[in-house]
Amino acid sequence: MPRSYEEELKFIERLSPYSWRIKKGFVPNMKVEGIFYVNNNLENLMFEELKASSAQGLVGGFLPGMKQIANVAALPGIVGRSIGLPDVHSGYGFAIGNVAAFDMDDPNSIVSPGGVGFDINCGVRLLRTNLTEKDVQPVKEQLTQSMFDHIPVGVGSKGVIPINAQDLEEALEMGVDWSLREGYAWAEDKEHCEEFGRMLNADPSKVSLRAKKRGLPQLGTLGAGNHYAEIQVVDEIYDKWAATKMGIEHKGQVCIMIHSGSRGFGHQVATDALVTMERAMKRDNIVTNDRQLACARISSTEGQDYLKAMSAAANFAWVNRSSMTFLCRQAFAKQFNSTPDDLDMHLIYDVSHNIAKVEQHTVNGKLKTLLVHRKGSTRAFPPHHPLIPVDYQLTGQPVLIGGTMGTCSYILTGTEKGMEETFGSTCHGAGRALSRAKSRRNLDYTEVLDRLKEQGISIRVASPKLVMEEAPESYKNVTDVVDTCHAAGISKKTVKLRPIAVIKG
C-alpha cells in the first residue's frame with residue numbers, strides 16, 4: 001500500500017535552516033541517509049512535488065526528487081550520504097542535482113549512467129575580456145549576430161571545424177590536447193579546465209560506431225535545449241580578491257559564457273551503456289528500487305567499459321567547448337578589428353556538470369578512494385586542493401553557475417565545508433521547476449522573446465519554439481539556489497553576471 005503524504009513526512013527531518021535529512025526507511029534498502037539543501041522558497045517546490053506524487057503516482061514520468069535521492073541511497077557501495085543540491089529536480093534514475101559517491105575498495109560498488117546523465121560532461125566555461133559594457137553596447141546587435149553566424153546552433157547543427165573519423169578518434173582520446181595541437185585552443189586554456197580538459201582513461205574503442213557517427217558532424221556545435229552562449233557583464237563583485245585572481249577587475253566588464261556538452265555522442269554512449277548494464281544486473285543479481293537506476297559493478301567489464309566510453313564523451317565535450325571558444329574569439333576579434341589576445345579573451349575556468357570521477361575524500365575520518373557521480377552538480381574544491389590550478393590555490397576552485405535565459409549567472413568558489421559535506425560539490429544552475437511539456441503548454445514564445453528585448457537583451461534563436469521550455473518561469477530562481485549554497489557554506493558567492501546577449505539553439 002502506498003503511504004499517505006503525512007506518513008511520508010515522518011521520514012523527513014529538518015537539520016538546519018538550509019538542509020533536510022531523509023531517514024532510512026523512506027524507501028526500501030537505504031544503505032545511507034539522504035540530505036537535500038533548500039531555502040524556504042525552494043523547500044515548497046520539493047514538498048509540493050512529493051505531495052503530488054503521493055496523490056497521483058509519478059510526476060511527469062519520473063519519481064519526485066526526494067524519492068530519487070533516497071533510491072540512490074539504496075545503491076550498493078554508496079558511502080556518506082546521497083546528496084540533493086538546491087537546484088535538485090526529477091531526472092532519469094538519479095535526480096538532476098544529485099551527488100553520490102561509491103567506495104572503490106568495495107567489490108559491490110556500482111557505476112550508474114543515470115548518475116552521470118545523457119549529456120555527458122555538459123558543462124560551462126567562462127571567458128573574460130578587457131571590454132566594458134560601454135564598448136559593446138553600440139555594436140551589440142552586430143556582435144550577437146556575428147556570434148550566431150560563427151557558432152553552429154540548433155538541434156541538427158553541424159560543426160564548421162573540419163574533422164574526419166581519424167581526427168575524431170584522436171579528439172576522443174586527447175581532449176583539449178587535441179584542440180591545442182590543432183591550434184583551436186591556447187596553452188593556458190588547458191590549465192583552466194577541470195581535469196585539465198582530458199580524462200586519461202578515455203578509450204575510443206569502447207564507444208559504439210553509432211555514437212561516433214552521431215558525434216562526427218557535431219563537434220564545435222552548441223546544440224539546443226538549455227545550451228547557450230551568452231555575452232555577460234559583471235553586475236556585482238562579492239569577493240574582490242578572488243575576482244581579481246580570475247582577472248575580473250570591475251563592474252561592467254564583459255565576459256562570455258558557453259554552456260554545452262557532448263551532444264548526440266554522449267547521449268548515445270549513455271543509451272548504449274544502459275542496455276549492456278541491464279544484462280549485467282541480471283547476471284550479478286544487482287537489485288535497485290527503480291529500473292532507471294541501471295548500473296554495473298565498477299570492477300566489472302561493463303562498468304569499466306562505460307567509464308572509458310564516458311571519459312571519451314567527456315573529452316568530446318571539452319573539444320566541443322574549445323572549438324566554440326575558438327569561434328567566439330574569432331567573432332569578437334573581427335567585430336573589434338583586434339586579436340583575441342589584445343582583447344584579453346582568457347579562459348577563467350571550465351567546469352563539468354555531468355560526470356563520474358575517481359577522487360579521494362575523507363569518510364568517517366578515513367581517506368577513501370571513491371567514484372563520485374555528479375549529475376547536474378559542479379565540483380567545487382577548496383583552496384590548496386592539489387587538483388585545482390596554481391592561480392586558484394588561494395581562492396578555491398571557480399564554480400560557474402549558469403542562470404536561465406535572461407537571468408543572472410554566478411561565479412562561486414569552493415570551500416572546506418563543501419569538501420566535508422558534499423564531496424566537494426555544489427549546485428550547477430537554476431534547476432527546472434516546470435517540465436518541458438508544461439512550459440510549452442503554459443507559455444508563448446513570442447512573449448518570452450519580447451520580454452528579453454524589453455530587458456535590453458539581444459537574442460538569436462535557431463528554434464524559437466524551444467524558447468518556451470527555457471523561459472525563466474520554467475526554472476527555479478538561480479539566486480535562491482546560489483544563496484542557499486552560500487548560506488549552507490558549501491560554496492561561496494564571488495561574482496554575479498547579467499546577460500546582454502543570448503545565442504541559443
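Guide: One term is needed to begin: a salt bridge is a side-chain nitrogen of Lys or Arg within 4 Å of a carboxyl oxygen of Asp or Glu. Please note as well that this is a predicted model.

Visitor: How many salt bridges are there between domain 1 and domain 2?
Guide: The count between these two domains is one salt bridge.

Visitor: Which residue forms a salt bridge with D103?
Guide: The partner of D103 is K368, and their closest N and O atoms are 3.4 Å apart.

Visitor: Which of them gives the most?
Guide: That is β4, with nine residues. By class, this side of domain 1 has 28 nonpolar, 13 polar and three charged residues.

Visitor: Let me step back. Where do the domains lie in the chain?
Guide: The domain assignment places domain 1 at 5–108 and domain 2 at 122–504. Their centres, taken over C-alpha atoms, are separated by 25 Å.

Visitor: How many residues are in contact?
Guide: In domain 1, 44 residues are in contact with 43 residues of domain 2. The area buried between the domains is about 3,600 Å², and carbon and sulfur atoms give 63% of that area.

Visitor: Which residues of domain 1 lose the most area?
Guide: They are D87, Y92 and M104, which together account for 18% of what the domain 1 side buries.

Terms used
Residues are numbered from 1 along each chain as its sequence is written. This is a predicted model: local features need pLDDT of at least 70, side-chain atom pairs count only at pLDDT 80 or more; totals for chains, interfaces and linings use all residues. Side-chain values use heavy atoms; hydrogens and water are left out. Domain bounds come from an automatic or database domain assignment. Contact means heavy atoms within 4.5 Å. Buried area is the accessible area (1.4 Å probe) that two parts lose on being put together, summed over both. Helices (H or I, at least four residues) and strands (E, at least two) are DSSP runs, numbered from the N terminus. Ala, Val, Leu, Ile, Met, Phe, Trp, Tyr, Cys and Pro count as nonpolar, Asp, Glu, Lys and Arg as charged, and the others, Gly among them, as polar.
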